[in-house]
Amino acid sequence: MADKPSSGAGLRGQSAGTTALCTVGKTGSGLTYRGFDVKELAEKAKFEEVAYLLLKGKLPNQAELDAYITKLKGLRGLPQALKTVLEQIPRDAHPMDVMRTGASMLGNLETEESFDQQQDVSDRLLAALPSIICYWYRFSHDGVRIETETDDASVGGHFLHLLRDEPASELHARVMNVSLILYAEHEFNASTFTARVCASTLSDMHSCVTGAIGSLRGPLHGGANEAAMAMIENWTSPDEAEREIMGMLERKDKIMGFGHAIYRESDPRNAIIKHWSQKLAQDVGDSVLYPVSERVEAVMWREKKLFCNADFFHASAYYFMDIPTKLFTPIFVCSRVTGWCAHVFEQRANNRIIRPSADYVGPEKSEWVPIEERD
Ligand SMILES: CC(=O)SCCNC(=O)CCNC(=O)[C@H](O)C(C)(C)COP(=O)(O)OP(=O)(O)OC[C@H]1O[C@@H](n2cnc3c(N)ncnc32)[C@H](O)[C@@H]1OP(=O)(O)O
Ligand SMILES: O=C([O-])CC(=O)C(=O)O
């Protein structure tokens, strides 16, 4: 994608504050969390280790990690009042709306009374969000009230276990671990910025996270993984995919899962999730969706020099793990809540209310007309 001159639109290219959490595209294509390359984290770390890194400021030692995992396991249960609310939400609701309501309701029941509680509130959200979405999904779709307190060692394993009533395979737990690491943090993206704006008014953590969920929901941000799936699942061969993509480009449609506001050459998360999508394709004996995805990637690069962002191969990877498409973006929430909360801590530690200015483009002076005389 060619470099575009920055206009003020979308605040692109303008610094809106400082962070010690993450660099995006510093070397054209890199991504680091507190100085650690995401490629190394995705290969070597547990997601809970990355969550600890973001939320507590350093990598845990073994004893600290064990204690943290034990703590998170102990926070997976949901209060009855929250379950009752989740049971009221219809089956055809959008699961991101369920996440938003779930985070908000938790804020009513377990309100953050003081910023001294911010670490515990964040850990609770991290542990409870997978339970919230799976409780609602299983109740509304399968008519069962699941027990959300599993003994699974990982957040990803816990999510899959709740969804399917059986522990995840080693391969699936591994892919979920990688996926959650890749989605955990990304500097001043739209949802994180939402959280920081909310935090800058000295609001509570649940409000910051609830607002961030609303921002992540849109197809230009986290919702792109679902939108990409909705697109590629229609195509039965790479040739058909190519024809359709060419038509979409002709019509100037946005192709979901491609392009990025910051990266110019590639999104470093793509190669990693693509690798795992390929492994999963082999595992399930797929001969359509993965080749279709690869062709779309090639055509987009050939025609527009647009590259896959983190979302595109997440679509096929989740599909191969039999995860319903509508739960794709909620998984993103279960991961990004770590980045959001860490940014709220940063904002609170060095706060000034975020309040930019606007260039006024309205009428110079308007004449008052009494209501009975208006057109
Ligand atoms: C985890 C994440 O949130 S990653 C992002 C997920 N979102 C998506 O995948 C949605 C599809 N992608 C997009 O809409 C955009 O690329 C965004 C929202 C990610 C970034 O938007 P911007 O920063 O405005 O894009 P940028 O300025 O680089 O666009 C350059 C040109 O490429 C075009 N373009 C960018 N992405 C795409 C796309 N996916 N399909 C078609 N054209 C595109 C733009 O329309 C623009 O054309 P123009 O100059 O004629 O207006
Ligand atoms: O940084 C962005 O604009 C979007 C993104 O990739 C993310 O939030 O992971």
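Reader: Into which domains is the protein chain divided?

Author: The chain splits into domain 1 (22–219 + 326–349) and domain 2 (224–321). Keep in mind that this is a predicted model.

Reader: How many residues of each domain are in contact?

Author: Look at the boundary between them. There, 30 residues of domain 1 are in contact with 26 residues of domain 2. The centres of domain 1 and domain 2, taken over C-alpha atoms, are 25 Å apart.

Reader: Now the core. Which residues touch the most other members of the largest nonpolar core?

Author: Start with the general idea. In soluble globular proteins, nonpolar side chains tend to be buried together. Here, the largest nonpolar core has 111 residues, and Tyr33, Ile245 and Ile323 touch the most other members. Helix α6 (residues 118–142) gives the most to this core, with 12 residues.

Reader: Why does this core lie between domain 1 and domain 2?

Author: Both domains give residues to the core, so it lies between them.

Reader: What does Ile323 touch?

Author: Leave out residues up to four places away in sequence. Ile323 then touches Leu160, Leu163, Met176, Tyr318, Phe328 and Ile331.

Reader: Which residues are around ligand 2?

Author: They are His186, Asn189, His221, His260, Arg269 and Arg336. Next, check polar atoms. A side-chain N or O atom of His260 is 2.7 Å from an oxygen atom of ligand 2. For Arg269, a side-chain N or O atom is also 2.7 Å from a ligand 2 oxygen atom. Arg336 has a polar side-chain atom 2.7 Å from an oxygen atom of ligand 2.

Reader: How much of ligand 2 does the protein bury?

Author: Ligand 2 exposes 270 Å² when taken alone, and the protein buries 83% of that.

Terms used: Residues numbered from 1 in each chain as written. Chains lettered and ligands numbered in written order. Predicted model: local features only at pLDDT ≥ 70, side-chain atom pairs only at ≥ 80, totals over all residues. Heavy atoms only, no water. Core = buried A, V, L, I, M, F, W, Y, C linked by side-chain atoms within 4.5 Å. Buried < 20%, exposed > 50% of the residue type's maximum accessible area, 1.4 Å probe, protein only. Helix = DSSP H or I, 4+ residues; strand = E, 2+ residues; numbered from the N terminus. Domains from an automatic or database assignment. Contact = heavy atoms within 4.5 Å. Near = heavy atom within 4 Å. Polar contact = N/O pair within 3.5 Å; in protein donor to acceptor, adjacent residues only side chain to side chain. Areas by Shrake-Rupley, 256 points an atom, 1.4 Å probe, with all protein chains shown as cover.
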